[in-house]
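Please keep the sequence and the model in view while reading.

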Amino acid sequence: MNGRKKIALVMLSVFFIVGGLAGFYNIGSVESGQSGANAEVSAASLNAAGNRNVKNAVQTLAASSINEATSANTAAELEALGRMELAAENESLMLYVNRETAEIAVKEKQNGYAWFSNPAGRNEDPKASPLYKAELNSQLTVSYYNEKGQLNSLNSYSDSVQKKQFTIETTDRGVKVVYQLGNVSKSFDNIPQTISKERFEEAILSKIEDQEVRDDVGYSFRFDEAKQQYEIRKLQDYALEELSQMLESIGYTTEEAAKDRGEDVGGEEGSADKPEFTVPLVYSIEGDQLLVSIPGAELKYTTRYPIASIQLLKHFGAADDKKDGYIFVPDGSGALIDLNNGRLNVEPFIMPVYGNDGSFNVKERSQKNETVRLPVFGMKQEDRAFLGIIENGDAMAEVLADISGRNDSYNTVGAKFRVVSMDFYTLTAGTKKSSVPMFETKPYQGDLQIRFAFLNGTAASYTGMAGLYRNYLVQKHNLEKLEPANAPFVLELAGAFPTEKSFLGIPYESTESLTRYEEAEELLRRMKEKGVDSIALRYVGWFNGGIRHGRPSDIELVGALGGKRGFDKLTDYANQNGVALYPDAAFLQAYKKPLQAASFLDQKKAKIYEYEPVHNVKDTAFSHYIQSAAKLGKLTDKFLASYAKLGAQGLSLRDLGSEVNSDFDPKHSINRQNALRESEQAAKKLKEQVNQLMVSGGNAYSLPFADIIVNAPTASSGINLTDEEIPFYQIALHGYYDLAGTPFNMGERQDPRYELLKTLETGSTIYYQWTYKPSTVVKDTPYNDMYALYYENWLDEAAQLYGEAGGFLKSIRNMAITDHRTLQENVVQTTFENGASIIINYNKTAVQVNGIRIEARSYLLGGE
């Protein structure tokens with residue numbers, strides 16, 4: 001049994017034994033197979049005394065075990081620590097470094113536990129081959145391209161430490177290790193790369209008396225008969241050092257060599273003929289956390305061998321094959337990989353932060369995964385845990401994780417950073433084709449940084465990790481909690497869409513309405529009448545031609561929807577009736593070719609296609625260009641100048657918080673990390689002038705500017721290596737944002753009841769997407785996937801679900817999630833900071849939880 005399940009059962013047992021379920025009442029019982037609209041609602045009064053007993057028992061148990069981790073470092077780890085020297089110390093941590101191996105350890109003062117950059121018992125690992133033992137000894141791996149675009153790699157142990165090609169220096173808060181990777185040529189400036197025959201004989205050979213030494217020197221150079229010059233051969237460093245010393249003894253100086261290099265007829269320096277890299281790695285302690293960074297300005301490589309990526313501290317905190325616990329990966333809402341789960345027949349976990357870069361030309365797509373929205377990862381082993389936060393270079397990062405048994409005996413999780421991008425350009429001559437590598441010309445040159453934080457005792461869990469990340473965000477961005485009020489019902493309405501028509505046999509494009517401005521107002525009135533008193537309206541397709549609108553630099557309201565007059569009336573109604581109006585706009589997805597479209601590496605304009613879900617092939621009816629982030633600032637300014645005239649107090653961002661793309665056009669090239677910064681600046685400017693922002697997707701960089709997040713991840717990708725899906729995203733953000741997943745009527749399950757249960761589990765808001773016109777309007781058009789949006793099919797059910805869940809959602813709207821756990825298969829419990837809790841039964845049959853029956857697809861509420 002894994003540690004996650006053991007802790008859950010212990011806590012649950014104490015919970016029920018001490019306090020019973022007297023404090024719980026069922027308000028959502030529904031028989032298996034019943035729809036949400038027919039759900040029977042029942043309630044029982046709370047037993048206040050029982051409630052207090054339950055709450056006190058849980059608080060006592062939590063207080064007694066918090067920070068009382070019992071696991072200790074092994075003898076091998078203590079021995080490894082003994083070989084290190086103390087490099088830095090503060091009130092919480094002690095940083096140690098081994099000057100022979102360049103490994104580090106960080107020790108928590110409060111409990112004496114030490115975390116290591118490399119496993120202490122790695123050299124005795126029976127599973128690892130010599131190659132993988134070298135990786136176990138490494139702090140980083142550098143992958144690089146050769147001139148043909150082929151990938152090769154070097155690691156810091158075999159290619160730097162073993163060759164004594166590294167230095168360690170002390171800094172104010174830690175240490176800095178500078179690795180020279182590859183067969184690094186030392187600086188022997190008095191050795192000429194080329195020298196004329198006359199000069200070689202006169203300045204060097206004639207001054208060497210010993211014939212054997214003269215022959216050795218002569219052999220060190222190769223004579224070019226055609227050019228009548230000597231050229232230095234490729235020699236090992238020790239041979240170059242001996243040659244340099246000999247030349248110095250006869251008075252052949254650096255100045256002499258410089259003069260002879262001036263006679264050089266051409267050619268590259270010897271170092272340019274082989275891959276050599278300088279990678280600085282800085283460790284710093286800050287409070288109770290460890291910062292690990294690579295200063296980008298000091299990262300060195302040649303244009304002939306550009307760095308593709310750097311994997312940083314792959315084995316930090318690695319757990320061996322005897323440890324109990326799990327790896328946390330940020331796949332969608334979050335997922336767990338049980339340590340040593342034995343799934344060696346599936347691929348390791350690897351996912352890019354913020355999804356794929358749209359400026360890479362995807363030829364085919366094998367599967368669609370959820371997006372990594374938060375740049376975090378972590379691991380729990382026994383009653384210890386760490387969380388990694390990718391602070392700098394997050395848009396260039398991938399999260400990697402794997403279990404023990406594949407290449408070595410350790411479970412690992414960490415990050416790899418892209419440095420220089422490459423793609424192949426195909427040249428065609430008749431029937432012959434060849435591929436030529438195309439490299440990014442302006443790669444990211446900023447810092448790469450990961451922050452490690454540590455948890456112990458009962459805090460060492462995915463809930464503890466999420467709480468730690470929440471605190472990090474609150475402090476970094478000065479986040480404030482939501483006001484205690486009704487949770488909003490998020491309603492998305494589709495306004496207009498383009499359709500092809502003909503007049504006298506001549507085809508033309510027309511704009512067809514799905515929900516006119518006045519019809520949107522009517523729907524809002526009807527919802528108010530049905531008791532939905534708090535509404536956030538996301539209005540898509542309201543300007544510049546509809547849903548797939550034109551360039552947003554200038555706003556033209558859609559005449560088919562009611563024009564300026566109709567929009568003003570809708571805005572007035574929203575302002576007067578407490579409806580938060582969020583007209584939607586896309587800034588990165590350009591549905592008509594923009595003047596500043598981003599380019600692929602082969603210089604073709606970046607055009608992105610939707611994929612047909614069944615056969616996974618491109619849907620040519622739906623495509624868009626990518627607006628270059630390099631021009632995003634000007635586009636935002638123009639939009640705001642036009643938007644200010646409408647008087648709207650809110651705005652929905654379709655793509656600024658959901659995707660990040662490079663631009664490889666040499667005229668306005670921008671790497672992905674700098675593109676992220678442009679999106680941040682645009683969102684900040686929009687927030688300052690518009691006031692209220694609804695963000696779709698909710699990537700981490702958009703969080704400082706968001707008020708409501710829609711299409712937040714509610715599931716993981718279900719990758720085969722993972723064992724469990726968790727709502728890490730919601731645990732981290734709840735109480736500070738109104739969160740909504742996919743619209744209830746547009747989920748893959750087409751099951752609003754399931755969506756309600758997921759909403760209650762995560763404390764999210766109810767979200768529907770509708771049109772006023774019936775679905776027949778979009779039949780046989782490219783918008784045929786909007787078949788399930790006709791409001792009449794959903795209005796009553798939506799109002800009923802809001803009535804059922806509204807009271808609970810109001811009570812916990814501004815409360816952080818303090819605990820989340822799986823009680824049994826498809827049965828989960830969430831607890832909020834005010835003591836309120838909910839147990840969800842997703843099963844199609846009733847279940848017993850310590851003697852209490854929970855109906856199928858239903859829930860129990862409890863606590864305050």
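In this predicted model, helix α13 (residues 632-643) and helix α14 (residues 672-690) cross at roughly 15°. Because angles under 35 degrees count as roughly parallel, α13 and α14 are roughly parallel to each other. Their axes come within 9 Å, and α13 passes α14 in a right-handed crossing.

The contact itself is made on the α13 side by L632, G633, T636, D637, F639, L640 and Y643. On the α14 side, the residues that meet them are E678, S679, A682, K685, L686, Q689 and V690.

A second helix pair can be described in the same terms: two packed helices are characterised by the angle between their axes and the distance between the axes. For helix α16 (residues 752-762) and helix α17 (residues 795-812), the packing angle is about 15°, and the axes lie 11 Å apart. The angle therefore makes α16 and α17 roughly parallel to each other. The crossing in which α16 passes α17 is right-handed.

Which residues bring α16 and α17 into contact? From α16 come P752, R753, L756, T759 and L760, and they meet E797, L801, E804, A805, F808 and L809 of α17. The residues of the contact of α16 with α17 divide into seven nonpolar, one polar and three charged.

Conventions: Residues are numbered from 1 along each chain as its sequence is written. This is a predicted model: local features need pLDDT of at least 70, side-chain atom pairs count only at pLDDT 80 or more; totals for chains, interfaces and linings use all residues. Side-chain values use heavy atoms; hydrogens and water are left out. Axes are lines fitted to C-alpha atoms, for helices over the stretch in contact, and angles run from 0 to 180 degrees between N-to-C directions. Helices (H or I, at least four residues) and strands (E, at least two) are DSSP runs, numbered from the N terminus. Angles under 35 degrees count as roughly parallel, over 145 as roughly antiparallel, 65 to 115 as roughly perpendicular and the rest as oblique. A crossing is left-handed if the near helix is turned anticlockwise from the far one by less than a right angle, and right-handed if clockwise. Contact means heavy atoms within 4.5 Å. Ala, Val, Leu, Ile, Met, Phe, Trp, Tyr, Cys and Pro count as nonpolar, Asp, Glu, Lys and Arg as charged, and the others, Gly among them, as polar.
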